[in-house]
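Colleague: I have a model open and would like to go through it. Can you take my questions as they come?

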Amino acid sequence: PFAAPKALTFTRKNSQFTPGFRGHGDFMSTKRKRVATAPTQSSPVAGLWRWLEKNKAVLDGIECRESSHGDGGLGLFATRPFKENEPIGFLPLHCILDPIAVLRDDPIAVAATRVGATPNFAFWFSLAAAAKDEAHFHHPYLAALPCEAPDPCSWSDENRALLDGTPMGKQVHRQRQLLKSEYDRVAPRLQPGVERHSKHVS
């Protein structure tokens, strides 16, 4: 049997934050040395930063801010030198969203599975509810995520129209049909079963 991990440690490897975080800029720059910098109070990730600190995440030497690459995304940036393979952060296990644990323990995901949802849909539905539920433990993290995913399936009608007549456009159309079909099939049956757990499912 495998031992359950106790936490997630991020390391600098080949000038990238791994796993999951992307980093930009010169990691070995010595122009400034300071501890992790929290976003401004108006930042969409300010609540996430406070949540991480409250839950004993170690974020020494990094800051979270908007990327300068022009894509409007948020990234982690080094504020002090890091050696290759040196840990740059520590995230306690209870802060990590484990899909297996969500599908097993989350009331909304369990209810979705019971009425015939696929695991992917049940996981997504539970996270969508948690993002609106301020009482949910992972709400600060989920609420900091973009309202729309960057993949073509989440593009606006106008932008998706640019794909008309292309193989990708056809694939996006099929994927959206599949998602709508499962939502229409599952959501009406799911709502009564989760009302007592969350008033935020819509």
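Modeller: Here are some questions and answers on this chain.

Modeller: This is a predicted model, where local features need pLDDT of at least 70, side-chain atom pairs count only at pLDDT 80 or more, and totals for chains, interfaces and linings use all residues. Residues are numbered from 1 along each chain as its sequence is written, and side-chain values use heavy atoms, with hydrogens and water left out.

Colleague: What is the mean pLDDT of the chain?

Modeller: The mean is 75, and 67% of the residues reach 70 or more. pLDDT is the predictor's confidence in each residue, from 0 to 100.

Colleague: Where is confidence lowest, and where is it highest?

Modeller: Strand 3 (residues 23–24) is lowest, with a mean of 34, and helix 2 (residues 99–105) is highest, at 94. Over residues 1–6 the pLDDT is below 50, and this stretch has three contacts beyond near neighbours in sequence. Residues 195–202 are also below 50, with 13 such contacts in the model. A contact means heavy atoms within 4.5 Å. Where pLDDT is low, the coordinates should not be read in detail.

Colleague: How many helices and strands does the chain have?

Modeller: Seven helices and six strands. From the N terminus the order is β-β-β-α-β-β-β-α-α-α-α-α-α. Both are DSSP runs numbered from the N terminus: helices are H or I with at least four residues, strands are E with at least two.

Colleague: What share of the residues is buried?

Modeller: Buried residues make up 33% of the 202 in the chain. Buried means under 20% relative accessible area, exposed means over 50%, and partly exposed is in between (1.4 Å probe, protein chains only).

Colleague: Which residues of helix 1 are buried?

Modeller: Ala 46, Leu 48, Trp 49, Trp 51 and Leu 52 are buried there.

Colleague: Which residues touch the most other members of the largest nonpolar core?

Modeller: Leu 48, Leu 52, Leu 59 and Ile 62 do, in a core of 16 residues. Helix 1, strand 4, strand 5 and strand 6 each supply at least two residues of this core, and the largest share, four residues, comes from helix 1. A nonpolar core is a set of buried Ala, Val, Leu, Ile, Met, Phe, Trp, Tyr and Cys residues joined through side-chain atoms within 4.5 Å.

Colleague: And what does Leu 52 touch?

Modeller: Leaving out residues up to four places away in sequence, Leu 52 touches Ala 57, Leu 59 and Leu 91. Apart from this core lies another, of 12 residues, among them Ile 108, Val 115, Phe 125 and Ala 187.

Colleague: New topic. How many salt bridges are there?

Modeller: The count is six. A salt bridge is a side-chain nitrogen of Lys or Arg within 4 Å of a carboxyl oxygen of Asp or Glu. One of them joins Arg 80 and Asp 60, at 3.7 Å from N to O. This pair links distant parts of the chain, 20 residues apart: Arg 80 is in the loop between strand 5 (74–78) and strand 6 (87–92), and Asp 60 in the loop between helix 1 (46–54) and strand 4 (62–66).

Colleague: Are those two buried, partly exposed or exposed?

Modeller: Arg 80 is partly exposed, at 21%, and Asp 60 is partly exposed, at 34%. Arg 80 also meets Glu 86 in a salt bridge, at 3.5 Å from N to O. Glu 86 is partly exposed too, at 23%.

Colleague: Where do Arg 160 and Asp 157 lie?

Modeller: Both are in helix 6 (residues 157–160), three residues apart, about one turn of the helix. Arg 160 is buried, at 16%, whereas Asp 157 is exposed, at 58%.

Colleague: Last one. What is the phi of Lys 56?

Modeller: Phi is positive, about 70°, although Lys 56 is not a glycine. Lys 56 sits in the loop between helix 1 and strand 4 and is exposed, at 63% relative accessibility. Asn 85 also has a positive phi, near 70°, and is a residue other than glycine. Asn 85 is in the loop between strand 5 and strand 6 and counts as partly exposed, at 45%.
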